[in-house]
Amino acid sequence: LIDKKKAKKKRKMGNCGGKMEAATAVASGDTEALTAMAQDKAQEKVEEKAEKVAEDVAEKVKEKVFGKYDSYLDDAEAVRKSNPDNRCAKYLTRELFNSYTPEQQEILYKCTKTGIENPDSGLGAYAMTPDDYETFTKFFDPLIRDYHGADKKAKHVTDWDASKVGNNGVLDVTELGLDELSMRVRVGRNLTQFNLPGNMSKEERIEFEKTMLGAFEKLIAMPEYGGAVYSLTPEFLDGEKNPNKISQQKYQELVDAHIMFKDMAADPYLASAGIANDWPYGRGCYVSEDKQFIIWFGEEDQLRIMCMKKGTKLNEVFDRLREGLDVVESIDGIEFATSDKYGYVTSCPSNLGTGMRASVHIKLPNLTSDGTDKKAKEVAKPLGLSVRGTGGEHTPIGADGTVDISPSGRLFIKERDIIEKLYKGISLLMEKENAAAEE
């Protein structure tokens, strides 16, 4: 801008001098001088016109870059005012958004779209690539620490060693007066070389599935795993047949058995985030022969790896999952995405760190006597526990008062601490359940 002002001032001064030179040339009849001055004047006009065109183009580019998302950012401001608990809207300011390049804005828009389109979101953001938490740290870091209740210096540490929890690593619920329970521990994982599900194309989803088939084949060849792959993908690229494709009837059978995940297209949050796109391509699961070790592919994270069984010792599912993860990651071509600050990278910031959810199905007839889990949630929240229906989030409780409970923490907490919190939480929750019977 300063250079432009100097150039204009120079031209103005030149114009004054030029008039004096022209008068002298006319008086002396110097035609060569007059011709040269005329050419200089014409060149000046060309330069001025070019400068004006360049300024107009720059202004239009600026409007295109920063104006493209103006209405979206207006919506974000409206959501921030109407829904102050929406963390996406809280941290997505116009100034922050416009501080990124046009290419980065395209990705940040995708990351935040679900929170703005669904104002009732508590978090409202999903990463689109494994690097997004670093690229958009000005947005994600305060949001993450707000959601997880962590200070600015907190750093995630991974530790699966549960040998010192419970009775030398054994967490037996019969010691809490309970019988056999349905137990499950799962983690979310993503591979470094692929986009996260929200940013995947149909072709990339299929490519990811085919990449995982090599890993599944190695698991199937191992006696301690065995099993099979069940895929929903109609066909691979260029009309290649999918040898693992299952029927709708088989799919429903797996869903009813809580082995396979449900159609995500009906979830408005996942739909807005692009995670539900291209259904059912790139979706399915691997199931071990004993049906206790399961790997979902193509859900909210590229992989959801879990161990589940009915039993009384929580450590059994925890320990087997750890062993299974070690086996999967040792396979060539499998490298899980991690962050120095946040541990294992997941699509949703709520699952960062351990990516772990350890849960049991437990009967709470007294705390659910009104047919809902409202009272159970009120009691469980101060204990650091989440309560869900038996089919997962947003599903009803069992007719006999059975609910799904799990520790709330995922990030800035060690894996071993999560399984210990579940065990201790069950004990405390049962005390509340028994007290409710006396009310």
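Strand 8 (residues 356-363) and strand 10 (residues 402-407) run antiparallel and pair over four bridges, strands counting as paired if DSSP finds at least two bridges between them. Helices and strands here are DSSP runs numbered from the N terminus (H or I, at least four residues, for helices; E, at least two, for strands). Within this pairing, Val 360 has Ile 405 of strand 10 as its bridge partner. All of this comes from a predicted model, in which local features need pLDDT of at least 70 and side-chain atom pairs count only at pLDDT 80 or more, while totals for chains, interfaces and linings use all residues. Residues are numbered from 1 along each chain as its sequence is written, and side-chain values use heavy atoms, with hydrogens and water left out.

Stepping back to the whole sheet, it is an open one of eight strands in the order 2-3-4-5-1-8-10-9, with antiparallel pairing. Strand 2 (228-231) and strand 9 (385-388) sit at the edges, each pairing on one side only. From one strand to the next, the twist averages 20°. Helix 9 (residues 202-220) packs on this sheet and touches strand 2, strand 3 (284-287), strand 4 (293-297) and strand 5 (303-311), contact being heavy atoms within 4.5 Å. The direction of helix 9 makes about 170° with that of strand 4; axes are lines fitted to C-alpha atoms, for helices over the stretch in contact, and angles run from 0 to 180 degrees between N-to-C directions.

On to the rings. The structure holds 16 aromatic pairs, a pair being Phe, Tyr or Trp rings (the six-membered one for Trp) with centres within 6.5 Å; planes under 30 degrees apart are stacked, over 60 edge-to-face, and the rest tilted. Tyr 69 and Tyr 109 make a tilted pair, 5.4 Å centre to centre with 40° between the planes. Tyr 69 is in the loop between helix 2 (31-67) and helix 3 (70-82), and Tyr 109 is in helix 6 (residues 102-117), so the pair ties together parts that are 40 residues apart in sequence. Tyr 69 is buried at 6% relative accessible area, whereas Tyr 109, at 24%, is partly exposed; the cut-offs are under 20% for buried, over 50% for exposed and in between for partly exposed (1.4 Å probe, protein chains only). Elsewhere, ring pairs link Phe 216, Tyr 225, Tyr 286, Phe 293 and Phe 297 into a cluster.

Charges also sit over rings, which calls for NZ of Lys or CZ of Arg within 6 Å of the ring centre and within 35 degrees of the ring normal. Lys 202 has its charged end over the ring of Tyr 281, 4.2 Å from the centre, and Arg 189 lies over the face of Phe 336 at 5.9 Å.

Side chains of opposite charge can pair when their charged atoms come close. There are 24 salt bridges in the structure, each a side-chain nitrogen of Lys or Arg within 4 Å of a carboxyl oxygen of Asp or Glu. Lys 68 meets Glu 106 at 2.4 Å, N to O. Since Lys 68 is in the loop between helix 2 and helix 3 and Glu 106 in helix 6, the pair ties together parts that are 38 residues apart in sequence. Arg 94 bridges to Asp 70, with the closest N and O atoms 3.3 Å apart, and these two also belong to a salt-bridge network with Asp 74 and Glu 77.
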